[in-house]
Amino acid sequence: MISRNQRRRRTLIASAALAVATLFAGVAPAVQAAPEARSDVFIRDNGNDYGYEASSGSLYSSPDIRVCFSATILCATDDPIVQGGNAFIHVTLNRPGPYGDGLENGNLQVWYTAQGTVAQWPNQWNYIGTAANVAVPYGTKTVVIPWHVPIGSHFCLLARWLSPTDLPTEGLSTSTNTRNNNNIAWHNVNAVPLKIKVPQTRPIVFGWDGREPTVVGDIVFAQPGKPFTGPGRITIDLGPDLAARWRAGGAKGEGIERVGETELAIVNPQQARISGLTFKSGEQVPAKLSFTAGAEAAGGKYTVHVTQVDQRGNEVGGVEYRITAAQ
C-alpha cells in the first residue's frame, strides 16, 4: 500500500516508487486519493491476518492462494501438481482492508520461483499470468489464473494485487515485501502424497534476499499437530556447499543427527534446528528433503514447516509440507 502511516512523510520517494511500480505493473498512474476514496484489497498472509501492515505471524503459506486441478472447484488443500501438466491457481481477494473502502478495478498477478525460503524480487521470480480489470465486491472474490507447470522442480507462488490507489512499495526482499504490503501474499506449500516405506524427495533452496552483503541464520523444523517424525522419517541432504558452511560454523544444531557426510536426520519433532549458516545476498543454495512414511503412518495427515530465520530470530521465509500418507 502507498502513503500510509510512516510513509506519509515520504511523499516524494513514494511518488517515484509509484511511477516505477506502475510501469512494471501495467497500471495507469493516479493522483493519490483521499482515504475514503482509496481501494484496499488484501490477500491474507495467514489465518489471523486482517490486512494490517506490517502483518504478524507466518508469512509464507497464505491461505488465500491454492493450487487445484480444477478451474471451477476450489480444492480444500493444494492438489499435488504434476510437472509439465496444467493446474489452476485460485487467489481469494478480500475487501475492504483497513486503509480504504473505495471500489476500484485492479490487476492480479501471479509469479513462481524455485521452492525454498528466499527469493529476491523481481529477478528471482518468473511471471505466470495476470487477471486484468478485476472488480472486488464487499467480502471476498476468488480469481483463477491457469498455469502450465514447468518441468524441473517444485515451486513457490507469489500473488500481487495492483490498482492505481493500491500499489505495493517493494524492495529486494520478498519476505519484507510480503510482511509490509497487504496486497502481496506468498504461498510456499507442497503437497506430499506418500507411499509406505518409499522415500519422497523434495528440492529446497536456502539463502538471503536482503541487501546486507552476508547474513547468518538457522533452519528450523516444526511439526504442528501430530508429528511425522516417529511414524515417519525426515532427512535433509545439505549437499557439499551447505554442509561445508555448516561445519565452518561449528556444526551446531539441536534435535538433529548426522547420518551421512552431508545428510542429517530430524530426530526431535518439538525442537530441531540447523544453526550457524552463512549466506550472501542473492544466493539460493540447493538442498534436498526426504520424507519416508513407516507402516504406522498409514492414513495419517501431517504438517512440517521448514523455516529459515536470521541471526536475530526473525523469519526470513519457509516452506510448509502437507503430508498425506496413504496405504
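Trainee: Which residue in strand 6 does T113 stand opposite?
Mentor: T113 stands opposite C156. This is a predicted model, where local features need pLDDT of at least 70, side-chain atom pairs count only at pLDDT 80 or more, and totals for chains, interfaces and linings use all residues. Residues are numbered from 1 along each chain as its sequence is written, and side-chain values use heavy atoms, with hydrogens and water left out.

Trainee: Is C156 buried or exposed?
Mentor: C156 is buried, with a relative accessible area of 1%. Buried means under 20% relative accessible area, exposed over 50%, and partly exposed in between, with a 1.4 Å probe and protein chains only.

Trainee: How many bridges join strand 3 to strand 6?
Mentor: Eight bridges join strand 3 (residues 106–114) to strand 6 (residues 155–162), and the two run antiparallel. Strands here are DSSP runs of E, at least two residues, and helices are runs of H or I, at least four residues, both numbered from the N terminus. Two strands count as paired if DSSP finds at least two bridges between them.

Trainee: What order do the strands of that sheet take?
Mentor: The order is 4-3-6-7, in an open sheet of four strands with antiparallel pairing. Strand 4 (126–134) and strand 7 (184–187) are at the edges with a single partner strand each, so one side of each has no neighbour in the sheet. From one strand to the next, the twist averages 15 degrees; axes are lines fitted to C-alpha atoms, for helices over the stretch in contact, and angles run from 0 to 180 degrees between N-to-C directions.

Trainee: Next, strand 10. Which residue of strand 17 is the bridge partner of I219?
Mentor: Q308 is the bridge partner of I219. Strand 10 and strand 17 (residues 301–310) pair antiparallel over six bridges. Strand 10 (residues 214–222) is also joined to strand 15 (residues 272–280), antiparallel, by seven bridges, and there G217 stands opposite L277.

Trainee: Disulfides. What does C68 join to?
Mentor: C68 is joined to C75, S to S 2.0 Å. A disulfide is a pair of cysteine sulfur atoms within 2.5 Å, and by that rule the count is one. The torsion about the S-S bond of C68 and C75 is about -80 degrees, so the disulfide is left-handed. Both cysteines, C68 and C75, are buried.

Trainee: Last one, helix 3. Which residues are buried there?
Mentor: In helix 3 (residues 239–248), the buried ones are G239, L242, A243, R245 and W246. They cover an arc of only 160 degrees around the axis, which puts them on the same side of helix 3; the arc is that of the directions from the helix axis to the C-beta atoms. On the other side of helix 3, P240 and A248 are exposed.
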